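I opened my notebook next to the viewer and wrote down what I looked up, one topic at a time. Come along and check each entry against the picture.

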Amino acid sequence: MSLSLSGFAFYMLVMTGAFAVRSAAGFGAVLIAMPMLAFVLPISTAVSVTTALTAITSVHQISRGWRRVAWGHFVIMALYSAIGIGLGFYFINMLDEHALRRSLGVFLILYSLYALATAKASPVLPSRWRGALAVGTGITGGLLGTLFGAGVGPIYVVYFNTLRMEREIFRVTMSTVVLLGGAARIAGYARLGFYEASSLALVAIGLPLVVIGSWLGDRLIRRFGPRVFGWLVGGLILLSGVALLVK
């Protein structure tokens, strides 16, 4: 796999923008980067590179607040996520590149409609649904995270919103779940041979872009209101999904 000069410039722009969004929202880097990178990279390369960069940045975040992780809820979500990850690796071996692109396009369109509908605030479901939500969000997050590397954070938010945790406990617990899932996926991708020399080079090049993007997110994107921010992200994802289907 090799990138042209324009493709390389596009990679740098996408990764910087994706991690600016993550810095502002707390998640969403892979959700933004994946559909964009799919235009210049194989799905397997785009997934493995973005997953690795997200996991690396999550380590720093969690190291500052790991003592506040709600370990009981973490274990529950990690267990169901592991089931979803296993299913994801089963299906990823069955789908070719064309099928993965089409599936990613459909997923992004459906997700963008959800994001646009909930742009003002994430839905908070009754606590009596907590058990079913843990099963559904855990397995779904693990499955979609493995296949597409995208949408995991917002999926888990649906469950964690029912717990009414303090903001910092909420953030670090969800980040820990996402990091553990990312580490498991990285191990699986490595076993499948996704991390070739070119992929590792893209990860190394992406590290300074993560720093730049995070700086921009802190200083620029957070100025948008939650509704405008949600519409911008949802609209971008919708366009990406449609483009992948017609490509």
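This is a predicted model: local features need pLDDT of at least 70, side-chain atom pairs count only at pLDDT 80 or more; totals for chains, interfaces and linings use all residues.

**Entry 1: the aromatic cluster**

I started with the rings, and found that Phe89, Tyr189 and Phe194 form one aromatic cluster.

I counted the aromatic pairs and got four. I checked cover next, and both Phe89 and Tyr189 are buried.

Then I turned to the pair of Tyr189 and Phe194, which is stacked: 5.5 Å centre to centre, with 20 degrees between the planes. Both Tyr189 and Phe194 are buried.

**Entry 2: the overall picture**

I stepped back to the whole protein and noted 10 helices and zero strands. Read along the sequence, the pattern is α-α-α-α-α-α-α-α-α-α. Of the 247 residues, 49% are buried.

I also looked at how far apart in sequence the contacting residues are. Among contacts with a separation of 6 or more, 84% are between residues 24 or more positions apart. The accessible surface comes to about 11700 Å², and carbon and sulfur atoms account for 69% of that.

**Entry 3: the nonpolar cores**

Which residues touch the most other members of the largest nonpolar core? I found Tyr11, Met15, Leu37, Leu53 and Leu104, in a core of 42 residues. At least two residues of this core come from each of helix H1 (5-25), helix H2 (29-37), H3, H4, helix H5 (97-117), helix H6 (130-148) and H9. The largest share, eight residues, is supplied by H2.

I noted a second, separate core as well; it has 22 residues, including Phe74, Met77, Leu133 and Tyr156.

Back to H2, since I wanted to see its cover. Nine of its nine residues are buried, so H2 is largely enclosed by the rest of the structure. I listed them: Ala29, Val30, Leu31, Ile32, Ala33, Met34, Pro35, Met36 and Leu37.

Helix H3 (residues 43-63) has 21 residues, which should span 30 Å at 1.5 Å a residue. I compared this with its end C-alpha atoms, which are 30 Å apart, so the two agree. H3 is mostly covered, with 15 of its 21 residues buried.

What does Leu53 contact, leaving aside its neighbours within four places in sequence? My list reads Tyr11, Met15, Phe19, Val203, Gly206, Leu207 and Val210.

**Entry 4: H9 and its bend**

Helix H9 (residues 197-219) has 23 residues and reaches 34 Å from first C-alpha to last, close to the 33 Å expected at 1.5 Å a residue. Where does H9 bend by about 30 degrees? I located the bend at Leu207, and a proline, Pro208, follows within four residues.

For cover, I wrote down the buried residues of H9: Ser198, Ser199, Leu202, Val203, Gly206, Leu209, Val210, Gly213 and Gly217. A reminder to myself on reading such a list: an α-helix has 3.6 residues a turn, so residues three or four places apart point the same way.

Is Ala132 buried or exposed? Ala132 sits in helix H6, and at 59% relative accessibility it counts as exposed. I took its distance to Tyr159, 27 residues away along the chain, and their C-alpha atoms are separated by 9.3 Å.

Leu133 also lies in helix H6, yet Leu133 is buried, with a relative accessible area of 11%. From Leu133 to Ile155, 22 residues apart in sequence, I read 10.0 Å in space, C-alpha to C-alpha.

My last stop was Val157, in helix H7 (residues 152-160). Val157 has 5% relative accessibility, so it counts as buried. Val157 and Arg171 are 14 residues apart in sequence, and their C-alpha to C-alpha distance is 9.6 Å.

Note on methods: Residues are numbered from 1 along each chain as its sequence is written. Side-chain values use heavy atoms; hydrogens and water are left out. Rings of Phe, Tyr and Trp (its six-membered ring) pair if their centres lie within 6.5 Å; planes under 30 degrees apart count as stacked, over 60 as edge-to-face and the rest as tilted. Buried means under 20% relative accessible area, exposed over 50%, partly exposed in between (1.4 Å probe, protein chains only). Contact means heavy atoms within 4.5 Å. Accessible areas come from the Shrake-Rupley method with a 1.4 Å probe; for residues, only the protein chains shown count as cover. The expected span of a helix is 1.5 Å times one less than its number of residues. The bend at a residue is the angle between axes fitted to the seven residues ending there and the seven starting there. A nonpolar core is a set of buried Ala, Val, Leu, Ile, Met, Phe, Trp, Tyr and Cys residues joined through side-chain atoms within 4.5 Å.
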